[in-house]
Amino acid sequence: MTRFILVVLIFVSSFQAFCQDGYPKPTSNDGLLFYIQHNRGKNAFIYSINYSNNHKIDTDEPVKVTRQLFDKNGEIKPLTAIQKNFAYGIDIDKINANHYELAIVSLPDQKLYLTIPSKGKAYVETTVNGVKIKVNRLFIRIKDGTSGFSTKLDYILFYGTHKNKEVILKLEI
């Protein structure tokens, strides 16, 4: 398993510098779970804990998705209806009081699991190529020549930690 992770890290490390050179990080860290960026712009889609008015986690809708527009002075806005329903929105199923199954609407087969511990920070895990990781961010490489509803992906890079070590895993689409 260690050899597999090392091979993946070496293989994917060349993509990291090319794909995300100069990409800004989201400025809001309040409840940040992970974020997504892609090669067609430097804006970020931010997945964070959804707090209610009394700063408790909204158990009916525990994840809030917003976008940070770095090309517009870093404004944070809600998703558009198209983004929410066809690309970056999220489906949430409650497993129990502290665990939820999540799926990004455009990637429904890649299950994500939100854990809200009684103490400590909430986190999201997923399995990519047989390796379970805590997710920090994703980078989507969109195929050249595709756009709109016919957008196709080359791959997705999952950045996270596996057994307390930083990993980058590539998911071929």
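Colleague: What pLDDT does the chain average?
Modeller: The average for the chain is a pLDDT of 87, and 88% of the residues score at least 70; pLDDT is the predictor's confidence in each residue, on a scale from 0 to 100.

Colleague: And where is it below 50?
Modeller: Residues 1–19 have a pLDDT below 50, and beyond near neighbours in sequence this stretch has 26 contacts in the model, a contact meaning heavy atoms within 4.5 Å. Where pLDDT is low, the predicted coordinates should not be read in detail. This is a predicted model, in which local features need pLDDT of at least 70 and side-chain atom pairs count only at pLDDT 80 or more, while totals for chains, interfaces and linings use all residues. Residues are numbered from 1 along each chain as its sequence is written, and side-chain values use heavy atoms, with hydrogens and water left out.

Colleague: OK, the fold then. How many helices and strands are there?
Modeller: The chain has 2 helices and 11 strands, where helices (H or I, at least four residues) and strands (E, at least two) are DSSP runs numbered from the N terminus. Along the sequence the pattern reads α-β-β-β-β-α-β-β-β-β-β-β-β.

Colleague: How much of the chain counts as buried?
Modeller: Of its 173 residues, 43% count as buried, which is to say under 20% relative accessible area, with exposed being over 50% and partly exposed in between (1.4 Å probe, protein chains only). The chain exposes about 10,100 Å², of which carbon and sulfur atoms supply 51%; such areas come from the Shrake-Rupley method with a 1.4 Å probe, and for residues only the protein chains shown count as cover. Among contacts between residues at least 6 apart in sequence, 39% join residues at least 24 apart.

Colleague: Switching to pockets: what volume has the largest one?
Modeller: Its volume is about 730 Å³. On a 1 Å grid over the protein atoms alone, a pocket is an open set of points where a 1.4 Å probe fits, with protein on both sides within 12 Å along at least five of seven lines, and lining residues have an atom within 4 Å of a point. Grid points are joined across faces, edges and corners, and a volume is the space filled by probe spheres set on the points.

Colleague: Which residues lie nearest the centre of that largest pocket?
Modeller: The lining has 26 residues, and Phe86, Ala87, Tyr88, Ile142 and Thr151 lie nearest the centre. At least two lining residues each are supplied by β1 (32–38), β2 (41–49), β3 (63–69), α2 (81–86), β9 (131–142) and β10 (153–162). The lining divides into 16 nonpolar, 8 polar and 2 charged residues, where Ala, Val, Leu, Ile, Met, Phe, Trp, Tyr, Cys and Pro count as nonpolar, Asp, Glu, Lys and Arg as charged, and the others, Gly among them, as polar.

Colleague: And what lines the second largest pocket?
Modeller: That pocket, with a volume of about 270 Å³, is lined by 15 residues, with Leu32, Leu33, Lys121, Val135 and Asn136 nearest its centre. Its lining divides into 8 nonpolar, 3 polar and 4 charged residues, and β1, β8 (123–128) and β9 each supply at least two of the lining residues.

Colleague: Is aspartate 144 buried or exposed?
Modeller: Aspartate 144, found in the loop between β9 and β10, counts as exposed because its relative accessibility is 61%. Its C-alpha atom is separated by 8.9 Å from that of aspartate 154, 10 residues apart along the chain.

Colleague: What is the phi of asparagine 129?
Modeller: Asparagine 129 has a positive phi of about 50 degrees although it is not a glycine, and its place is in the loop between β8 and β9. Lysine 163 likewise has a positive phi of about 50 degrees without being a glycine, and that lysine is found in the loop between β10 and β11 (165–172).

Colleague: Last one, where does glutamate 75 lie?
Modeller: Glutamate 75 lies in strand β4 (residues 75–78) and, leaving aside neighbours within four places in sequence, is in contact with Arg67, Gln68 and Leu69.
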